[in-house]
Every structure is written in structure tokens, then in C-alpha cells.
Amino acid sequence: MTDTGAASATDSFGATVRRSWNRLPLSVREAVLPYVVARVVVLSALGLAHFIVDRTHPATVGVAARVHAGLLGWDAGWYETIAREGYGPLGRQSLRFFPAVPVLTHGLAWLGLGDGPALVLLANVAAFAATAMLYVLVRRETGSPDVARRAIWVLSLLPAAFVLVMGYAESVLLVFALGCFLALRPPATSTDNRPHFAVAGVLAFAAALTRPVGVLLFLAVASELIRWWQRLGRNERVAGLGAVAAPFVGLLVFLGWSKHTVNDWWAPLRVQLQNSHHGGLADPFVTLYDDAKGLLHHHVGTALHVPWVLLALAMLIVCWRRLPAPYTLFAAAALAVAVSGANLDSFERYALSAFPLSIAAALLLTQSQVERVVLTLLSAGLAGYAVLAFLNLSVP
């Protein structure tokens, strides 16, 4: 083939790729870069953690094992084992992990993947879907592609977002929660802009079987049902009431299974409320004060939660002022649950599920210079938090 023919073939291939790329939905195209950048950062952090362990050979028990577990470390290991063996062999402690992710993982593994690869694949595919869905939702609400773009960058680079790369349930929960909001709030310009309560109910049901915080979607559904009540027909009202009840039904299904299996309705919640996990209900002001005092006693890890709580509360105020009620209700309830435990371990991960906070941040980042600085700091935080988690120094 002549040079001219080779160049022509290359140009033709490039044109085909560009056409294929342009046929993709805008939300998918916008989601690719933040999604890839977040994974480069997290996988680089994992590589750094391996380098540190291989060179220093730390004597602390569990550090090397945590690093070698990689994307299947911490809670991901529980999800993988539940998918492979079920809850029975693992005892009551496993009941704090709700069943949607293990069930989906087991289904993927049945197709020929191992349980570990299936779990990581599920989490990362769900994370990409959630990123694209957030773009669609924010552009629908604000009418601004710039705000939508900033929102997906913020969500992707939040320091706790390294769990969206690991085998955690947060990315699957985000898919169900965002899908629920998309069903509740169709485009105002569409011919049928009424909420699709049946779809929202199914997704809220699935969210409640993914993480306990999924139950809080009833607030968003109830808010939209109240707003639309006078304009709905009988069947739509019934569907709306069913959608409000759906997340409670999802929770009841798992609690009923717990009653059948270990003869305790509340076992999944009792385990979660143990002091070694989220802890029982406590005064959040006292908890924040105690964690802030950690700086005086060189407990920097606990003290780091405090600025994130304050920042989340500030973003909640922005939600209240700038976004429709369902967003504020869901985010406020998720934050209330996150700060109500006896400790703030994993606060950042719990707050990650409150996706309206990322939208609020995007609404504030109107200046390009400020946006670049914030995203750079978030990227550094993402890398830092990931390294600490992989080295067993911080609880995800």
C-alpha cells in the first residue's frame, strides 16, 4: 500500500471513530473524561501503596493484606464473600451488608466471571452510568450544560469517591437514586412532564435493598406526590402512594429474610448500630466536638471529618436555596443519618450518596479559575484518601 493509500485508510478510520463518538449521547461523552481521570488517580494511589509496602515492609498487622486486597479491600471483601458463599457462613456481622449488590455480583459471576472481578466490574459500570445520569439530571434541572459538567467532575473527584472504583455498593445506590429522581422529575418541556411514580417506586425499592440510606428516597417521592396531587388521576395517585411505600417494602423484605434466617427482624440494623460500625444514636454536636479535639491528641484522622461535615452542611444550605425540595429533603436526611452515629467514621462515604451536594458545589463554581483550583484539590484529596485507605490508615 502506498503512503497515500495508508493515509487515506487512517483518515477514513479516524472519521468513522469520530462519527461513532458523535452518535453517543452527550451525557455519555461528557462522563468519559471525569470517569477515566478518577480511575487513573485511584489506581495510581493503589500502585503507590504497593510501592510503599514493598519498600518499607511495615510491621503493623494487616497493612500488607489490605494493600494486596486492593479494590476488594475493606467492605468490598464482605460483598465478594457474600456473593460467593451467602450470608450463612459469615454470621450476623454480614447482615449489615444489604443484598442487592451481592445478588447482582453473583449473577455476573454466573456468566463466567469470578466473584471479585464481577463485583469490581459491577461497581465501575454502575459508577459510569451514575456519572452520565447525573449529567442528564443536572442539565434537566438547571438548563446549563456547564453546571452539569461541573457536577459530574465534583462527584467523580470527591475524596471519598475512591469507593466508586472499589467493590462497594455506593455506585449501585447512586444509579438507583438518580434513576428515581429522573423518573420523578421529567423534563418540563416534554409533552408528558408528570412524574413516573411506578418507575420511581421500583428504583426506590431497589435502592432500599442496596443500602439502608436508600429508604430515604421516600422523602423525594412524597414531596413530588404532594406537589402534583391535585393534578393526578386516581391511578396516578395510587402509583404515587405505592412509590412512597416502595423503599419501606424493600427494607421490610430484607428484615423479613433476617427474621426467617436468624430469628431477629432488626439484626441488620442492630449490627450497623454497634460501636465498632456506625454506632448508636448520639448528639451530633457532641460527636463533632469530640472529633475536633482529636487534633489536640494527634488523632488527625478523626479530626479530618469535622471540616467535611461543615462543608456538607454549607452545601445543604445551597441545595435549600437553589434546588427543588426533593433534593434538599433527600440530602438533609442522608446527612442526618451520617452524623447521628456515635462516631463519624465513613462520614465522607455516607455523604457521597447525598448527590445533591455535588450539584450544589457545581452551582457555586461559576469562575473557571476557582473551578480548576477546586478540582485540583479534590483530585489530590482523592489520591490521598485512597492511599490512606489502601494502607489501612483510614476507614473508607
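Biologist: Which residues in H7 meet which in H19?

Modeller: Arg149, Arg150, Trp153, Val154, Ser156 and Leu157 in H7 meet Glu371, Leu375, Leu378, Ser379 and Leu382 in H19; contact means heavy atoms within 4.5 Å. Bear in mind that this is a predicted model, where local features need pLDDT of at least 70, side-chain atom pairs count only at pLDDT 80 or more, and totals for chains, interfaces and linings use all residues. Residues are numbered from 1 along each chain as its sequence is written, and side-chain values use heavy atoms, with hydrogens and water left out.

Biologist: Why are H7 and H19 called roughly parallel?

Modeller: Their axes cross at roughly 25°, and angles under 35 degrees count as roughly parallel, so H7 and H19 get that name. The two axes come within 9 Å, and the crossing is left-handed.

Biologist: What makes H4 largely enclosed by the rest of the structure?

Modeller: Buried means under 20% relative accessible area. In H4 (residues 75-85), 8 of the 11 residues are buried, so the helix is largely enclosed. Among them are Tyr79, Glu80 and Ile82. The buried residues of H4 pack against H5 (100-110), H6 and H17 (347-352).

Biologist: How do you know that the span of H2 agrees with its number of residues?

Modeller: The expected span is 1.5 Å times one less than the number of residues. For the 31 residues of H2 (residues 26-56) that should be 45 Å, and the end C-alpha atoms are 46 Å apart, which agrees.

Biologist: What follows H2?

Modeller: His57, with a positive phi near 45°.

Conventions: Helix = DSSP H or I, 4+ residues; strand = E, 2+ residues; numbered from the N terminus. Buried < 20%, exposed > 50% of the residue type's maximum accessible area, 1.4 Å probe, protein only. Axes fitted to C-alpha atoms, helices over the stretch in contact; angles between N-to-C directions. Parallel < 35°, antiparallel > 145°, perpendicular 65-115°, else oblique. Left-handed = near helix turned anticlockwise from the far one by under 90°.
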